[in-house]
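Q: I have not looked at this one before. Can we go through it piece by piece?

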Amino acid sequence: MKNPLIMTPGPTYVNEEVRRALSKEITNPDLDLDFYNFYRETCNKLKQLLNTKNDVLILSGEGILGLEAACASLIEPGDRVLVIDNGIFGNGFADFVKMYGGEVVVFRGDYERAIDVEELENFLKENHDFKLATLVHCETPSGITNPVDKICPILKKHGILTVVDAVSAIGGEPLEVDKWQIDMVIGGSQKVLSAPPGLTFLSISAAAWEKMLMRHTPITGYYCNLTIWKNWDEEKWFPYTQPISDIYGLRAAVDILLEDTEALARHRRIAEAVRKTLTDSGLELYPKGGFSNTVTTLMVPEAINFKDVYEGMLKEHGVLIAGAFGFLKDKVIRIGHMGENCYEEKLYITLKGLNQVLRNLGVDLKGELHKLFIENI
Ligand SMILES: *Cc1c(COP(=O)(O)O)cnc(C)c1O
């Protein structure tokens, strides 16, 4: 069977250059000093993407490993952690915090909008005794992007370390790690970067290193312990054998993204056109504000089932779209327009398919989605 056009918010289409890099002949990454250089260079390129001078590490594991490693390494039993929550991933941080003995305080925002900075600022006036705060840049299930640029400096003013899950945002949303004072930002290979799933990367500020190295209690676990990486470069020693082929693939993907100076503008332009197209046709978006540039989440129209939309798209049009999970299960349709999927022609095909599938299911649309898209782009 021909592979479907994967228009999900990760994993995304993997470019042929990346696939070629994945199949390159390998060396022994523990013994070949050239690989240490390659790893360092790749981290340096990620620093460029993140706009940071902080250390960057690439870890062997999906994005979730990065989130768990940040919590495992920073949190000591009894530490108070502010969990900024306006969605499924934001809320999910609370579980990791508890798992490592932290005391969770949730700042719950509106799940249909970006975090309200003023509300958070007022909350922090009374409550700011936290070691760190966790937040999500782009809430992928709901398609909402939070104003990390405003939130992190406010947290830092209160002496709170900032840990940001930017897995589905990096490369598709502006991100200035140093300027916005993010102590740890976490990314993944399979979202905007458009490499296969399997790698996570994170940046670590001097303040975050200090907190990890000056702990009173040892870090539980090994794989999630970031301090085992402290001297990898000086000592030319990796804590475990590196997934060299995955890193070759990631490097090719980072190179493609860094060369693409239009990437951020294209994500914004395509996201806006997709949203306008859907609302022009009478469909309803899930978010009421804070719209993401990498994923659009729309409500499943009344009287039809998500499963029918999903199957119609896949079987009749060869396009794979996503639903969501948790409280959004069966309620929303998600179209990913990130990285390799963020091109007009792919959205045209997707919207043309969706137009037909929704009409066949009896949804009354104003105008044809693909034609509206052309007008809006
Ligand atoms: C994709 C993603 C992750 C990684 O989780 P998986 O669902 O296992 O891929 C983490 N955080 C966010 C915001 C994501 O979009």
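Q: Which residue does UniProt list for "binding site"?
A: UniProt lists Arg334 under "binding site", in an unreviewed entry. The coordinates here are a predicted model, and the annotation comes from the record.

Q: Where is Arg334 in the fold?
A: Arg334 is in strand E13, which covers residues 332-336.

Q: Is Arg334 buried or exposed?
A: Arg334 has a relative accessible area of 7%, and the cut-off for buried is under 20%, so Arg334 counts as buried.

Q: What does Arg334 touch, leaving out residues up to four places away in sequence?
A: Its contacts include Met7 and Pro9, then Thr140 and Pro141. Also among them are Val295, Thr296 and Thr297, as well as Ile321, Ala322, Gly323, Ala324 and Phe325.

Q: OK, stepping back. How is the protein chain divided into domains?
A: There is domain 1, made of 5-9 + 262-376, and domain 2, made of 16-259.

Q: How far apart are the C-alpha centres of domain 1 and domain 2?
A: The two centres are 29 Å apart. Domain 1 puts 25 residues into the contact, and domain 2 puts in 23 residues.

Q: What about UniProt, which residues does "domain: Aminotransferase class V" cover?
A: That annotation covers residues 30-282, again in an unreviewed entry. Over residues 30-282 the chain is 43% helix and 17% strand. The C-alpha atoms at the ends of that stretch are 57 Å apart.

Q: Now the inside. How many residues has the largest nonpolar core?
A: That core has 92 residues, and Tyr39 and Ile84 have the most contacts inside it.

Q: Why does this core lie between domain 1 and domain 2?
A: Because both domains give residues to this core.

Q: And which residues is Tyr39 in contact with, leaving aside its neighbours within four places in sequence?
A: Tyr39 contacts Leu57 and Ile58, and also Trp229, Trp232, Phe238, Gln242 and Ile247.

Q: What is in the second, separate core?
A: The second core has 28 residues, including Leu5, Val309, Leu351 and Val357.

Q: How many aromatic pairs does the structure hold?
A: It holds 18 aromatic pairs. One to look at is Phe38 with Tyr248: the ring centres are 5.1 Å apart and the planes are at 85°, so the pair is edge-to-face.

Q: Which helices are Phe38 and Tyr248 in?
A: Phe38 is in helix H2 (residues 33-50) and Tyr248 is in helix H9 (residues 244-259). The pair therefore ties together parts that are 210 residues apart in sequence. Phe38 and Tyr248 are both buried.

Q: Which residues form the aromatic cluster?
A: Phe38 and Tyr248 belong to it, along with Phe35, Tyr36, Tyr39, Tyr223, Trp229, Trp232, Phe238 and Tyr240.

Q: What about charges over rings? Where is Arg108?
A: Arg108 lies over the face of Tyr111, 4.0 Å from the ring centre.

Q: Switching to the backbone. Which peptide bond is cis?
A: The bond from Gly10 to Pro11 is cis, with omega near -10°. Most peptide bonds are trans. Pro11 is in the loop between strand E1 (5-6) and helix H1 (16-22).

Q: What is phi of Gln181?
A: Gln181 is not a glycine, yet phi is positive, near 60°. Gln181 is in the loop between strand E8 (161-165) and strand E9 (184-188), and it is partly exposed at 35% relative accessible area.

Q: And phi of Asp330?
A: Asp330 has a positive phi of about 65°, and Asp330 is not a glycine either. Asp330 is in the loop between strand E12 (319-320) and E13. Its relative accessible area is 46%, so Asp330 is partly exposed.

Q: Last one: where is Cys138 found?
A: Cys138 is in strand E6, residues 138-139. Cys138 is buried, with a relative accessible area of 2%. Its contacts beyond four places in sequence include Ile144, Thr145, Asp165 and Ser168.

Conventions: Residues are numbered from 1 along each chain as its sequence is written. This is a predicted model: local features need pLDDT of at least 70, side-chain atom pairs count only at pLDDT 80 or more; totals for chains, interfaces and linings use all residues. Side-chain values use heavy atoms; hydrogens and water are left out. A nonpolar core is a set of buried Ala, Val, Leu, Ile, Met, Phe, Trp, Tyr and Cys residues joined through side-chain atoms within 4.5 Å. Buried means under 20% relative accessible area, exposed over 50%, partly exposed in between (1.4 Å probe, protein chains only). Domain bounds come from an automatic or database domain assignment. Contact means heavy atoms within 4.5 Å. Rings of Phe, Tyr and Trp (its six-membered ring) pair if their centres lie within 6.5 Å; planes under 30 degrees apart count as stacked, over 60 as edge-to-face and the rest as tilted. Helices (H or I, at least four residues) and strands (E, at least two) are DSSP runs, numbered from the N terminus. A charge sits over a ring if NZ of Lys or CZ of Arg is within 6 Å of the ring centre and within 35 degrees of the ring normal. UniProt positions are given in the numbering used here, feature names are shortened, and annotations may be inferred rather than shown by experiment.
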